[in-house]
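Here is a short report on one chain. It starts with a helix and what surrounds it, then turns to the cores and a loop.

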Amino acid sequence: MPRTESGPGAGGRGGRTALLIIDMQNAFFEDEALAVQQEALVAACNGLIDAARRGRAPVLVARTEHLRDRSTWTRSMLDDGQGFIFRGSHQADAVAGLRVDGLDVVTKARDSAFFGTDLAARLRGSDVDHLVLAGVSTHSCVAQTGADAFAHDFRVSYARDAIGSMNQQYAEAMLEIMSVGYRQPVLDRVGAESLFA
């Protein structure tokens with residue numbers, strides 16, 4: 001099992017801590033395994049957003065969007081001849097109840113919120129050196145963003161209650177890798193929210 005820590009010292013601190021909500025969009029919750037987690041994940045993400053706002057911490061929302069002209073499609077999408085999460089579609093909208101209106105948005109076309117975006121520059125411009133990650137899916141977009149954050153020299157913590165996956169076995173294995181190999185702790189609700197205090 002990955003380490004689960006709590007308290008403001010978990011993961012280390014230097015500059016500011018920011019919250020990044022990843023892919024909490026309708027398209028991903030079409031999967032039955034995620035659909036049953038939606039209500040709990042929305043509540044947990046909203047709790048983190050509220051805590052970050054109280055602490056005046058930056059909050060960003062990473063959203064996947066593709067264009068119908070195929071210019072943003074992944075290799076597998078091109079191979080299958082089928083795109084999804086098109087800009088302006090219902091699939092691309094935030095899930096119901098998630099309080100993200102007015103938050104800064106990072107639009108991405110790959111798993112990592114850093115790939116092909118200005119996320120690293122935005123974070124450095126706000127004196128952020130630590131990210132709390134929430135959203136879906138644990139073993140893909142969340143973990144890939146965590147790995148790229150490591151490559152960009154940001155500290156990362158995962159908010160266990162606010163991340164979800166369609167495959168729990170993959171999720172647990174990936175959190176073990178990230179927490180041990182990358183020294184990115186997996187925090188309980190109290191621990192994650194305390195980073196914004």
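## Helix α5 and its packing

The buried residues of α5 pack against β2 (16-22), β4 (104-108), β5 (128-136), β6 (155-164) and α6 (168-181). Helices (H or I, at least four residues) and strands (E, at least two) are DSSP runs, numbered from the N terminus. Contact means heavy atoms within 4.5 Å. Buried means under 20% relative accessible area, exposed over 50%, and partly exposed in between (1.4 Å probe, protein chains only). In α5, the buried set is T138, C141, V142, A143, T145, G146, A147, D148 and A149.

Helix α5 covers residues 138-151, 14 residues in all. At 1.5 Å a residue it should span 20 Å, and its end C-alpha atoms are 18 Å apart, which agrees. The expected span is 1.5 Å times one less than the number of residues in the helix. Just after α5, D153 takes a positive phi of about 70°.

## Basis of the model

This is a predicted model: local features need pLDDT of at least 70, side-chain atom pairs count only at pLDDT 80 or more, and totals for chains, interfaces and linings use all residues. Residues are numbered from 1 along each chain as its sequence is written, and side-chain values use heavy atoms, with hydrogens and water left out.

## Two nonpolar cores

A nonpolar core is a set of buried Ala, Val, Leu, Ile, Met, Phe, Trp, Tyr and Cys residues joined through side-chain atoms within 4.5 Å. The largest one has 33 residues, and L19 and M24 have the most contacts inside it. β2, α2 (38-54), β3, β5 and β6 each supply at least two residues of this core. Its largest share, 8 residues, comes from α2.

Beyond four places in sequence, M24 is in contact with F29, L41, V42, C45, D93, A94, V95, L98, G135 and V136. A second, separate core has 26 residues, among them A113, A120, V128 and M178.

## The loop between β3 and α3

H66 lies in the loop between β3 (59-64) and α3 (75-80). W73 is placed in the loop between β3 and α3. H66 counts as buried because its relative accessibility is 3%. W73 is buried, with a relative accessible area of 6%.

Beyond four places in sequence, the contacts of H66 include W73, M77, F84 and A109. Those of W73 include H66, L78, F86 and R110. The C-alpha atoms of W73 and G146 are separated by 22 Å, and the two are 73 residues apart along the chain.
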